[in-house]
Amino acid sequence: MAEIITNATTVAELPIAQSLVGLSVLGIDYTNTSVSVPVELLKGDGGGQGVPPYGIDGQVLIKIGSTNYATKWANPNSLLRPLFVSRGAVWNETTGFYELNGLTDITEEQMIQIYNQTSATLIGMDWDEKCLSASCRTNFESNSVGRYVGGLVSRATFAVTNMESIIISSSDISPFASTNITHMFRNSTKLRNVIGIMLANQQRYNSGAFIGCKSLEDVTIKGLTISIYIGDSPLLTRDCILYLINNAENTAPITVALHATALSRLTQADIALASSKNITLAA
């Protein structure tokens, strides 16, 4: 690293850079950590005037859809790709699309939306409404330990979104654990898959968490102790329901409300198993 020699005591007194070559700037990332950023990361592939990639909350400042602005600064050859890949996305050279959370046809513009709306939102113990009404197709996984240490609240976190797949945890060792998931996914009508284990043995409130989730196929709920409504999801799989039954931890009778179509996928033996665990399956 080059030695820094200056007698300046304020930013205004610092010498002005004569070239962008090898230049780095200082900033703060989404974890509130001070970082050094190569100036090349602040430039588009055109090599002209750079677009500042971070706003006051760490979001990429790129306009979506209205002009060629997003395309100019974020095409498949741009320097934004390493940023997305560092958060878990995969660039498929063959198809020309990004892949993330089971989606295999994510465009560059859509990935910018995902980054803007979810990369710096799920931090700490308060997830209330953090991605409420998000227009992006999926989310980046939270880096916060708050999702599994307990005490997390996540009311309406992903309510009324366009998300098709949502990741809450990629690790079985550190599952998602929230005490309150009221309206968490409410009316996210395109949502098909919730990735990760939802540890429910700490849940005290789950009212309306899955209301309106008409496309939901899979959600992994472990340790259920209170009744839950998943009655708007006709596509919910048998495996998903059986996992919930087999891993419930209720000590008193509870009810799991299912859509009639989802309930019809269960065998009499499945229903008997639920009954033996004081779980009533209702449609």
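What share of the contacts in the chain between residues at least 6 apart in sequence join residues at least 24 apart? The share is 59%, where contact means heavy atoms within 4.5 Å.

**Before you click**

This is a predicted model, in which local features need pLDDT of at least 70 and side-chain atom pairs count only at pLDDT 80 or more, while totals for chains, interfaces and linings use all residues. Residues are numbered from 1 along each chain as its sequence is written, and side-chain values use heavy atoms, with hydrogens and water left out.

**Stop 1: the whole chain**

Now colour by accessibility: 44% of the 283 residues count as buried. Buried here means under 20% relative accessible area, exposed means over 50%, and partly exposed lies in between (1.4 Å probe, protein chains only).

**Stop 2: a three-stranded sheet**

Select 90–92, 97–100 and 103–106 next. You are looking at an open antiparallel sheet of three strands, in the order β3-β4-β5; two strands pair if DSSP finds at least two bridges between them. At the edges sit β3 (90–92) and β5 (103–106), each pairing on one side only. Ignoring direction, neighbouring strands of this sheet are turned by 35 degrees against each other on average. The axes are lines fitted to C-alpha atoms, for helices over the stretch in contact, and angles run from 0 to 180 degrees between N-to-C directions.

Zoom in on β4 (residues 97–100), which pairs with β5 in the antiparallel sense over two bridges.

**Stop 3**

Eight of the 11 residues of α3 are buried, so the helix is largely enclosed by the rest of the structure. Among the buried ones are M111, I112, I114 and Y115, along with E108 and N116. To see what covers them, show α2 (81–86), β4 and β5, which are included in that cover.

**Stop 4: a cavity**

Rolling a probe the size of a water molecule over the atoms shows where empty space is left. Here, a search of the whole structure finds two cavities of 30 Å³ or more. A cavity is a set of points, on a 1 Å grid over the protein atoms alone, where a 1.4 Å probe fits but cannot get out; lining residues have an atom within 4 Å of a point. Grid points are joined across faces, edges and corners, and a volume is the space filled by probe spheres set on the points.

Go to the second largest cavity, with about 30 Å³ of space. Select I230, L236, C240, I241, L244, V256 and L258 to show its lining. Two or more residues come from each of α4 (238–246) and β12 (254–258), and α4 gives the most, with three.

Stay with β12, where four of the five residues are buried. Strand β11 (residues 228–230) runs parallel to β12, joined by three bridges, and I228 stands opposite V256.

**Stop 5: a loop residue**

Finish at T189, in the loop between β8 (176–180) and β9 (193–199). At 31% relative accessibility, T189 counts as partly exposed. Beyond its neighbours within four places in sequence, T189 is in contact with T161, G212, K214 and S215. T161 is 28 residues away along the chain, and the C-alpha atoms of T189 and T161 are separated by 7.7 Å.

Technical notes. 1 Å grid on protein atoms, 1.4 Å probe; cavity = no way out; pocket = protein on both sides within 12 Å on 5 of 7 lines; lining within 4 Å.
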